[in-house]
Amino acid sequence: MSSAAAEPWEGIIATGIDPTSWAYAEDYTGEDEVVTGARASAEDSGIAAIGPGAAAALSMLAAGVSARAVVEIGTGTGVSGLALLRGMRADGTLTTVDIDAENQRLARKTFLDAGVPSNRFRLIAGSGLDVVTRLTDRHYDLVFCDADRRENTAYLHEALRLLRPGGLVVFAGILTGGRVADPAHRDPDTNALRDLLRAVRDDDNLVSALLPTSEGLLTAAKRLH
């Protein structure tokens, strides 16, 4: 083994990205007043909206697959939905599901305030699993899940049915402040996230990555074959 000096990335792997660089990456794309307003509404409602880095990643992923049809499970106040819409094709439609009708009222305002035509989004109030089981097979380019963690594995099953080959499934809130990575945490929500991570990683029909942006995004592409 060579005794040459360590590569620059070795220290990063050992110690993690420094907080200043992480904050810079999170805020890299910036956010407008519509998004900051939606974030304020989420905070007032006790909703944990995805972080700026995760929102930017969603826009990029939607653009990367030229998404025309997207399903979102967990509307919130529209932070993630607007990120998806801004990455989708101009003729794309977002179907977003939330059990709380008030959340969807706030999300509708977010979308309209951002200038999104009303025919580009479909708001459905109801249980995520009840709604998605009625959606069309292999019709969607991207499925985004930010809802009940204990139902995530069931959402994965439905997403694989809904997605076209090459489509993406994305789950938010995966890292949970270090709880998933710490084996000492065995609460039901954390265990459910570990079950999801294993299911995605072990599925030969998926190509997956766990992105450490914001609170963690688990992303997977459905193979073309």
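Student: What makes Asp32 and Arg86 a salt bridge?

Tutor: In this predicted model, the closest N and O atoms of Asp32 and Arg86 are 2.7 Å apart, and since a salt bridge requires a side-chain nitrogen of Lys or Arg within 4 Å of a carboxyl oxygen of Asp or Glu, the pair Asp32 and Arg86 is counted as one. A search of the whole structure finds 13 salt bridges.

Student: Why is the pair of Asp32 and Arg86 said to tie parts together?

Tutor: Asp32 sits in the loop between α2 (19-26) and α3, whereas Arg86 belongs to helix α5, so the pair links parts that are 54 residues apart in sequence.

Student: How do you know whether Asp32 is buried, partly exposed or exposed?

Tutor: Buried means under 20% relative accessible area and exposed means over 50%; Asp32 has a relative accessible area of 30%, so Asp32 is called partly exposed. Arg86, at 43% relative accessibility, also counts as partly exposed.

Student: What makes Arg161 and Glu158 a salt bridge, and where do these two residues lie?

Tutor: Their side chains meet at 2.7 Å, N to O, which falls within the 4 Å limit, and both residues lie in helix α8, three residues apart, about one turn of the helix. Helix α8 covers residues 152-162.

Student: How are Arg105 and Glu102 placed relative to each other in helix α6?

Tutor: Arg105 and Glu102 are three residues apart in helix α6, and are therefore separated by about one helical turn; their side chains meet in a salt bridge at 2.8 Å, N to O.

Student: What makes strands β2 and β3 a pair, and in which sense do they run?

Tutor: Two strands pair if at least two bridges are found between them, and strand β2 (residues 93-98) and strand β3 (residues 121-125) are joined over five bridges, in the parallel sense. Between β2 and β3 the chain passes through helix α6 (residues 101-113), and this β-α-β crossover is right-handed.

Student: Which residues have the most contacts inside the largest nonpolar core?

Tutor: That core has 29 residues, and those with the most contacts inside it are Ile50, Leu84, Met88, Leu94, Phe111, Leu142 and Phe144. Among the elements that give two or more residues to this core are α3 (33-45), α6 and β4 (140-145), while α4 gives the most, with six residues. Phe111 touches several residues beyond four places away in sequence, including Leu94, Val116 and Phe121.

Student: How do you know where the model should be read with care?

Tutor: The mean pLDDT of the protein chain is 90, and 93% of its residues reach 70 or more, but pLDDT stays under 50 over residues 1-14. Where pLDDT is low, the predicted coordinates should not be read in detail.

Key:
Residues numbered from 1 in each chain as written. Predicted model: local features only at pLDDT ≥ 70, side-chain atom pairs only at ≥ 80, totals over all residues. Heavy atoms only, no water. pLDDT = per-residue confidence, 0-100. Contact = heavy atoms within 4.5 Å. Helix = DSSP H or I, 4+ residues; strand = E, 2+ residues; numbered from the N terminus. Right-handed = clockwise from strand over helix to strand, strands pointing away. Core = buried A, V, L, I, M, F, W, Y, C linked by side-chain atoms within 4.5 Å. Buried < 20%, exposed > 50% of the residue type's maximum accessible area, 1.4 Å probe, protein only.
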